[in-house]
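Hello,

Here is the structure I promised to hand over, with my notes below it. Please have a look at the model first and then read on.

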Amino acid sequence: MDATGDLGQTLSNGLKTLNIHVEVHVKSSSTAKKDDVKLHVLELLNRHRMVFGEYKWTEFDDEFLVQHVECVAVVDADVIQPVDLKSCCLSIHIFTLNEEAPSTENLEEDEDLAAANHWLLPAAEFHGIWESLIYDNGVKSQLLDYVSTTIFFSDKKVDSNLIAWNRVVLLHGPPGTGKTSLCKALAQKLSIRLSNRYRYGQFVEINSHSLFSKWFSESGKLVTKMFQKIQELINDEEALVFVLIDEVESLTAARNASQAGTEPSDAIRVVNSVLTQLDQIKRYPNVVILTTSNVTEKIDLAFVDRADIKQYIGLPSPDAIFNIYLSCLEELMKCQIIYPKQQLLTLRELQMLGFLENNISELSLSLKRIAVKSKGLSGRGLRKLPFLAHALYVKTPTVTLERFLQALAQAVDKQFEEKANLTNSV
């Protein structure tokens with residue numbers, strides 16, 4: 001089953017043992033036709049048939065690709081051995097990034113606070129977020145499969161009265177774990193993955209604090225206005241529309257405050273209006289509703305009932321932390337802040353060595369110990385630590401990898417010290 005509407009180009013008439021996705025980022029200045037781009041990409045892949053997991057080309061020996069393409073990437077390939085692309089089914093996804101800033105929706109002319117932000121996908125602002133998010137339990141692939149299945153069921157005209165799905169995703173968990181970023185990255189990824197079916201994507205991020213807190217006195221009028229604008233986007237059958245409601249627990253706060261008499265009496269009508277609008281737009285095949293919550297126990301039960309997927313996004317494990325740090329160190333070596341460049345082993349490579357320490361594995365095992373010590377920190381905090389390590393403990397333009405790892409360990413210790421001091425002061 002492939003819900004993208006295009007299984008891509010098969011390089012072999014044999015058995016399709018593995019479906020490989022290839023994303024082709026075309027330069028915004030390019031005027032080349034997609035068919036021509038695909039032809040040259042296939043020639044590139046035919047010349048470089050053997051890949052090990054994910055792989056990216058940013059330099060080309062083909063003048064056409066040099067002129068028109070930023071990069072070609074084999075993505076989301078979770079394999080543990082080299083793959084011969086000639087024996088695979090290749091799905092080629094060609095896209096150009098939209099570099100415009102998001103537009104804002106103000107539902108009243110005298111309001112300074114935007115009710116929503118609106119991006120055209122794929123957006124340059126969201127580029128690279130998907131790759132930067134690292135989880136342990138296959139969350140990203142599960143979410144991709146979920147949306148693909150919603151499209152597939154719609155294509156097959158499955159009766160939703162008999163088999164129910166609501167097109168609603170709820171991501172919940174502690175702050176700083178990447179829930180909002182994952183929603184944006186998922187929308188970006190799917191706008192690329194489904195580009196053969198939908199000409200472009202739309203991403204609308206509703207400002208829940210303004211909609212659910214500031215405008216209760218306006219009852220459901222402004223909510224209706226908001227969803228009328230969203231409805232206009234959905235009516236374009238060539239667009240895949242994503243609606244994000246961040247911190248959806250504010251709905252619960254609205255209901256509870258209304259019932260307790262601490263908010264205007266029509267507050268609960270605002271919430272009911274939102275739920276009604278969501279129920280109406282879910283009938284359309286080209287819309288996905290993404291929601292997040294930091295406070296699990298306060299999530300509105302009406303939303304919980306509507307969510308097809310209720311995915312917990314927790315703090316990263318030591319293995320995930322190791323991979324986060326690894327991506328940060330590779331970036332610093334690429335920018336020659338860590339110099340000279342040294343090869344770090346992946347967890348899989350360390351495991352193949354039995355985690356034995358030698359000249360080759362020494363620094364990688366040191367990074368693994370730092371990752372274990374970092375357990376309990378959020379992904380957001382972890383991404384800041386390489387910067388803090390350099391600022392507080394390196395203080396020179398360039399640094400060796402060994403010295404930087406020492407500084408990173410110091411930065412981790414300081415992070416926990418600051419958390420303890422903050423907790424004590426509170």
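Ser30 sits in the loop between β2 and α1, and at 18% relative accessibility Ser30 counts as buried. Here buried means under 20% relative accessible area, exposed over 50%, and partly exposed in between, with a 1.4 Å probe and protein chains only.

Before the rest, a word on conventions. This is a predicted model, in which local features need pLDDT of at least 70 and side-chain atom pairs count only at pLDDT 80 or more, while totals for chains, interfaces and linings use all residues. Residues are numbered from 1 along each chain as its sequence is written, and side-chain values use heavy atoms, with hydrogens and water left out.

The overall picture

The mean pLDDT (the predictor's confidence in each residue, from 0 to 100) is 87, and 87% of the residues reach 70 or more. A contact means heavy atoms within 4.5 Å. Of contacts between residues at least 6 apart in sequence, 77% join residues at least 24 apart. The protein has 15 helices and 14 strands; these are DSSP runs numbered from the N terminus, with helices being H or I of at least four residues and strands E of at least two. Of the 426 residues, 49% count as buried.

Strands and helices

Strand β5 (residues 69-75) is largely enclosed by the rest of the structure, because 6 of its 7 residues are buried. β5 pairs with strand β2 (residues 19-26) in the antiparallel sense over 6 bridges, and Val22 stands opposite Val74 in β5. Strand β4 (residues 55-57) also runs antiparallel to β5, joined by 3 bridges, with Lys56 and Ala73 as bridge partners. Two strands pair if DSSP finds at least two bridges between them.

Helix α1 (residues 34-47) has 14 residues and reaches 20 Å between its first and last C-alpha, close to the 20 Å expected. The expected span is 1.5 Å times one less than the number of residues. Buried residues in α1 include Val37, His40 and Leu44. In α13 (residues 362-373), the end C-alpha atoms are 17 Å apart, which agrees with the 16 Å that 12 residues should span. Leu363, Leu367 and Ile370 are among the buried residues of α13, and their cover includes α11 (318-334), α12 (347-352) and α15 (401-425).

Backbone points to check

Most residues other than glycine have a negative phi, and most peptide bonds are trans. Where does the model depart from this? A cis peptide bond joins Leu121 and Pro122, with omega about -5°, and the bond from Tyr339 to Pro340 is cis too, with omega near 0°. Glu247, in the loop between β12 (239-245) and α8 (249-260), has a positive phi of about 50° and is partly exposed at 29% relative accessibility. Phe355, in the loop between α12 and α13, has phi near 60° and a relative accessible area of 38%, so Phe355 is partly exposed.

Best wishes
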